[in-house]
Amino acid sequence: MPSEHKRIVVRRDILADAKADAAIERQRLLDRGTLVINLVSSPGAGKTSLLQATAKHLQGQYSMAVLVGDLETDRDAQRLSPYAPVAQLTTGGACHLELPLVRRGLIALGDPRVDFLFIENVGNLVCPASHDLGEHLRVVMLSVTDGDDKPGKYPKMFRTSHAVVISKVDLLPYVPFQVENAIQDALMVQPSLSAIQVSSHQGLGIDQWCRFLIESRERLVLRRECTSAV
Ligand SMILES: Nc1nc2c(ncn2[C@@H]2O[C@H](COP(=O)(O)OP(=O)(O)O)[C@@H](O)[C@H]2O)c(=O)[nH]1
Ligand SMILES: [Mg+2]
């Protein structure tokens, strides 16, 4: 090593402060009865479409709000606004959301007391895996057009998630995607993952997805079985 270079070893998790803040936010929202879901996927896997279908399904029974992250534009917020209170979080180029932006979005919505708060993350299967947003559930969406080999290729995202939603199953007759292979690959990375198959366009699996959300809220928020950070 050239003499002018000095190696400094930092034996400290540089995200430790952010993780501590996220734990406080998670507890705050837990205390007011809100289940927070961080929805992650590659771009175009169907996150906004699933949230539209979810809002229609839960309407009249449960309240929800959405924070939707994108690099630019408020297109997703416009799509979701007929169904639920929504704030667009524009990262201005950053490839993932972080807690301060999420907090700003919550303030913009008036810090609503809702049963479900969905955070649609920026489309990206890499960077969002490393950022705790104070969620109670991390849900990774895998579209049948993404390929069934992706869980093993993006292990951190699948390892840090609680559920995998396989989307666009209406397209299964047209693409070489084996649902069982994808689920097995995901379970190799994270054996406790729940797997749900949906088609937001055709309404397939939306009932099962919403039941998963409602049961998770009962278990994590109402019965307080949420102890550890993501
Ligand atoms: N065939 C089919 N297409 C879908 C489905 N869900 C979403 N799409 C389409 O996939 C594209 C991306 O969807 P979008 O919800 O914007 O994905 P996001 O980028 O993850 O939010 C759009 O053209 C949607 O119409 C589905 O269940 N079936
Ligand atoms: Mg979207």
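By class, the shell of residues around ligand 1 comprises 2 nonpolar, 8 polar and 5 charged residues, where Ala, Val, Leu, Ile, Met, Phe, Trp, Tyr, Cys and Pro count as nonpolar, Asp, Glu, Lys and Arg as charged, and the others, Gly among them, as polar. The model is predicted, with local features requiring pLDDT of at least 70 and side-chain atom pairs counting only at pLDDT 80 or more, whereas totals for chains, interfaces and linings use all residues. Residues are numbered from 1 along each chain as its sequence is written, chains are lettered from A and ligands numbered from 1 in the order in which they are written, and side-chain values use heavy atoms, with hydrogens and water left out.

Ligand 1 is surrounded by 15 residues, of which Lys47, Thr48, Ser49, Arg79 and Asp170 are the closest; a residue belongs to this group if one of its heavy atoms lies within 4 Å of the ligand. Helix α2 makes the greatest contribution to the shell, with 3 residues, helices being DSSP runs (H or I, at least four residues) numbered from the N terminus.

Among the polar contacts (pairs of N or O atoms within 3.5 Å), a nitrogen atom of ligand 1 is 2.8 Å from a side-chain N or O atom of Asp170, and an oxygen atom of ligand 1 is 3.0 Å from one in the side chain of Lys168.

The magnesium ion (ligand 2) is coordinated at 2.1 Å by Thr48 (OG1), Asp76 (OD) and Glu120 (OE), donors being N, O and S atoms within 2.8 Å of the metal (3.2 Å for Na, K and Ca). Thr48 in helix α2 (residues 47–58) and Asp76 in helix α3 (residues 75–80) lie 28 residues apart, and both are buried (under 20% relative accessible area, 1.4 Å probe, protein chains only).

Note on methods
Helices (H or I, at least four residues) and strands (E, at least two) are DSSP runs, numbered from the N terminus. Buried means under 20% relative accessible area, exposed over 50%, partly exposed in between (1.4 Å probe, protein chains only). A polar contact is a pair of N or O atoms within 3.5 Å; within protein, one must be able to donate a hydrogen and the other to accept it, and residues adjacent in sequence count only if both atoms are side-chain atoms.
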